[in-house]
Every structure is written in C-alpha cells, then in structure tokens.
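Try each task on your own before you read its solution.

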Amino acid sequence: MHGAGGNTGADDARWLAAAARLAARGRPLSRPNPAVGCLIVRDGIVVGRGWTQPGGRPHAEAAALAQAGDAARGATVYVTLEPCAHRAGRGPACSDLLAEAQPARVVIGQRDPDERTRGRGMERLSAAGIAVATLGCPASRASLAGYLTRAERGRPHVTLKLATSLDGAIATAGGESRWITGAAARAHVHSRRAMADAILVGGGTWRADAPGLDVRLPGLEARSPRRLILSRSIEAPGIEVLPAPQAIAGLDAVNYLYVEGGAQTAAAFLAADLVDRIELYRAPIVIGGGAGAIGDIGLASLAAAHGRWHLAERRQLGSDTFEAYRRQGQDQPQDGN
Ligand SMILES: NC(=O)c1ccc[n+]([C@@H]2O[C@H](COP(=O)([O-])OP(=O)(O)OC[C@H]3O[C@@H](n4cnc5c(N)ncnc54)[C@H](OP(=O)(O)O)[C@@H]3O)[C@@H](O)[C@H]2O)c1
C-alpha cells in the first residue's frame with residue numbers, strides 16, 4: 001500500500017510498541033485520562049508523534065495529526081488505544097479528526113472499554129473509508145495498565161513496594177528501617193513515585209517514620225503524588241485516610257497506586273487480592289530477628305502460594321537488587337513502565 005507505514009504484522013507490532021513507549025511520557029500527568037501514544041508513519045518515516053498531554057488534552061492523535069499536517073493523508077496511524085468517539089467540550093473526537101485527515105490505515109493496540117467509545121471509534125474510521133486493524137498488543141496493554149485495571153476491575157492498578165534485607169526484613173526488631181537500601185535504589189523508588197497517581201502507607205509507618213512520601217529527584221519535585229494512609233484511627237490534616245484496602249475503588253482520578261508498606265498494610269492488600277505488581281529492593285545485608293516484610297495473609301497451604309507471581313524485571317541498583325513480579329492472571333494488564 002503506497003504511502004502507508006509498515007504492512008507486515010511484524011512492522012505493525014514494532015510501530016505500536018514504539019507508540020507505547022511514547023505513551024509512557026504522558027504518565028501520570030494525563031490523569032484522569034489514559035496515557036496514549038500515537039505515531040503517524042509514511043513510507044517508513046515518522047511524520048507525526050503525540051502522547052496525551054497533562055490534564056488529558058490534547059489527545060495523542062490530535063497532537064500527532066497537528067505535527068503531520070498534510071503528510072497524514074495516505075499514511076498509517078499507530079495508536080495504542082482506540083481513538084475516542086465522544087465529542088467533549090474540551091476538544092473534538094479523535095475519530096472525527098482522523099476521518100478528516102484521511103490516513104490510509106489506522107492500527108489500534110487496544111480497544112477502548114469506555115462505553116462512550118467502545119467500537120464506535122473504529123466504526124467511524126471505517127465509515128470514512130479508512131482501513132482499521134486492531135492488534136492484540138501487549139505493549140499497548142502494558143502502557144494502559146492503570147486505565148484498563150480501573151475499567152476491568154473497578155479499581156486502580158496497585159504496585160506494592162518492599163525494601164528488604166537478604167533475610168527478608170523490612171526493619172530491625174526495634175523498628176529501624178532507614179536505610180536498608182542504598183542511594184541508587186532510593187532514587188529509583190522516587191522515580192516510581194513520580195509515575196504514580198497516589199502513594200499509600202499504613203498507619204504504623206506513618207506513626208513510626210513520618211515519611212514525606214514525596215518525589216525528591218531534581219526537577220521532578222512537582223511530580224509528588226497524592227498521599228494516602230491506611231488507618232482505622234488516624235486523622236491527619238491534608239492527607240486522605242482510607243479505612244480499608246477496598247476503599248481504593250472509590251479513589252477519583254487514581255489509575256496507578258503505589259503502596260509502600262509496612263508489613264500489615266502489605267498483608268492487608270495481598271489478602272484482599274489487590275496487588276498487581278510487587279517491586280522488591282533487596283540489600284546485601286543481614287538483619288536477623290528483624291521485622292518481616294509481610295504480615296499474615298491467611299495462606300491456607302504452601303501449594304496455594306505457588307504460581308501467583310512471575311518475574312517481570314530484574315536489575316542491579318548499586319549494591320542492591322531490584323526485582324519486579326507481576327501477578328499471574330488471565331490477560332492481566334501489566335505495568336510495563
Ligand atoms: N523497608 C520498607 O520497605 C518499609 C516500608 C514501610 C514501612 N517499613 C517499616 O515497617 C514498620 C511498620 O510496619 P507495620 O506493619 O507495623 O505498620 P503498617 O503496615 O505501616 O501500618 C499498620 C496500620 O495500618 C492500618 N491497617 C492495617 N491493615 C488495615 C486494614 N485492613 N484496614 C484498615 N487499616 C489497616 C492500621 O492503622 P491504625 O492503627 O492507624 O488504625 C494498622 O495499625 C516500620 O518499622 C517501618 O519503618 C519498612
């Protein structure tokens with residue numbers, strides 16, 4: 001097809017994966033909208049790229065089309081999420097913008113579960129004579145993990161972070177936990193905070209450590225997310241208190257939640273089956289007789305513990321090891337960023 005980008009499945013998957021990487025730039029500031037990525041490709045050359053802007057507008061497709069101008073006509077558009085069909089006060093529907101721009105093809109990484117669009121975006125493109133392909137694209141799903149978890153499970157995507165010694169302690173017996181890991185691991189934690197819409201700690205950690213729960217990376221200070229405490233008793237001005245892990249379902253504009261412990265809180269989220277990803281920082285120290293990382297989760301047998309978590313990522317951060325584990329589940333959207 002003249003003027004189009006890739007025509008093979010492998011090309012399509014490659015361009016969509018690139019669009020998913022662009023989408024990561026929108027996270028989390030696009031909230032409450034999903035962070036979407038879009039590439040417009042003509043004869044193998046990128047003529048437009050866009051990602052959802054802070055506050056959710058412009059959408060990725062609008063930004064990419066503005067960049068491509070007339071070059072979009074006859075090109076291939078790669079977009080991680082089905083172009084929206086609803087005409088909002090804040091801007092035109094992306095499917096209308098695309099219909100007007102007349103690319104030859106639109107390749108979509110993930111159908112939109114939002115009722116206002118679901119299938120309608122694709123229909124509008126087809127009606128405008130544009131070829132539409134939907135690819136089951138893991139990279140697109142991963143880049144939309146927060147949005148999809150909210151749509152499919154009615155709650156944010158939850159990452160549980162733990163920093164432990166070699167013997168699995170998160171603090172000494174006396175409650176000292178600063179610092180178990182080194183500077184590189186702690187900076188990594190701050191970069192993960194910057195990717196979340198909200199951070200949560202338990203009442204015990206709040207009382208013991210009075211954690212700042214902010215982002216202390218140069219240039220990213222403004223990216224400190226909303227702060228939450230899990231507690232049945234605390235009243236803290238300026239901070240939201242959740243009375244139970246299940247209350248996360250009611251959090252407005254939170255697609256990604258980062259839970260930082262401690263042990264009882266980690267257990268409460270795990271027992272309620274509300275953890276999608278575990279991020280474990282392990283320092284080469286032995287504490288011995290320290291505070292265990294996770295409290296009682298009501299495990300019935302050892303067999304029930306197996307097969308639930310799968311290694312997604314492993315890397316070295318200074319002298320510490322970082323491992324991310326994803327929850328095993330049918331078509332579970334994974335946080336790939
Ligand atoms: N190394 C690490 O990664 C790391 C991270 C965080 C903390 N820590 C350490 O961990 C220790 C604190 O851990 P912890 O287990 O004692 O405390 P925690 O998990 O931080 O907090 C326990 C408190 O959370 C609230 N809570 C727990 N489950 C609940 C539920 N199902 N519903 C409502 N509220 C619930 C209760 O708060 P209320 O009592 O207020 O009602 C409970 O007392 C500290 O020593 C801290 O330094 C280490």
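**Exercise 1.** In this predicted model, how many nonpolar, polar and charged residues does the lining of the largest pocket have, by class?

*Solution.* Sorting the lining of the largest pocket by class gives 19 nonpolar, 15 polar and nine charged residues. The pocket that they surround has a volume of about 1,100 Å³, and of its 43 lining residues, those closest to the centre are T205, D209, E260, G261 and G262.

**Exercise 2.** Find which element gives the most to the lining of the largest pocket.

*Solution.* Begin with the elements that each supply at least two lining residues, among them β6 (157-164), α7 (183-194), α8 (203-209) and α9 (263-271). The element that gives the most is α8, with six residues.

**Exercise 3.** Describe the second largest pocket by its volume, centre and lining.

*Solution.* Its volume is about 560 Å³, and the residues closest to its centre, out of 21 in the lining, are L270, I278, I297, R308 and W309. At least two lining residues come from each of α9, β12 (277-282) and β15 (320-327). By class, this lining has 15 nonpolar, three polar and three charged residues.

**Exercise 4.** Determine which domains supply the lining of the largest cavity.

*Solution.* A search of the whole structure for cavities of 30 Å³ or more finds two, and the largest cavity holds about 90 Å³ of space. Closest to its centre, among 15 lining residues, are N33, P34, A35, N255 and Y256. Domain 1 (9-143) and domain 2 (153-327) each supply at least three residues of this lining.

Notes
Residues numbered from 1 in each chain as written. Predicted model: local features only at pLDDT ≥ 70, side-chain atom pairs only at ≥ 80, totals over all residues. Heavy atoms only, no water. 1 Å grid on protein atoms, 1.4 Å probe; cavity = no way out; pocket = protein on both sides within 12 Å on 5 of 7 lines; lining within 4 Å. Points joined across faces, edges and corners; volume = space filled by probe spheres on them. Helix = DSSP H or I, 4+ residues; strand = E, 2+ residues; numbered from the N terminus. Nonpolar A, V, L, I, M, F, W, Y, C, P; charged D, E, K, R; others polar. Domains from an automatic or database assignment.
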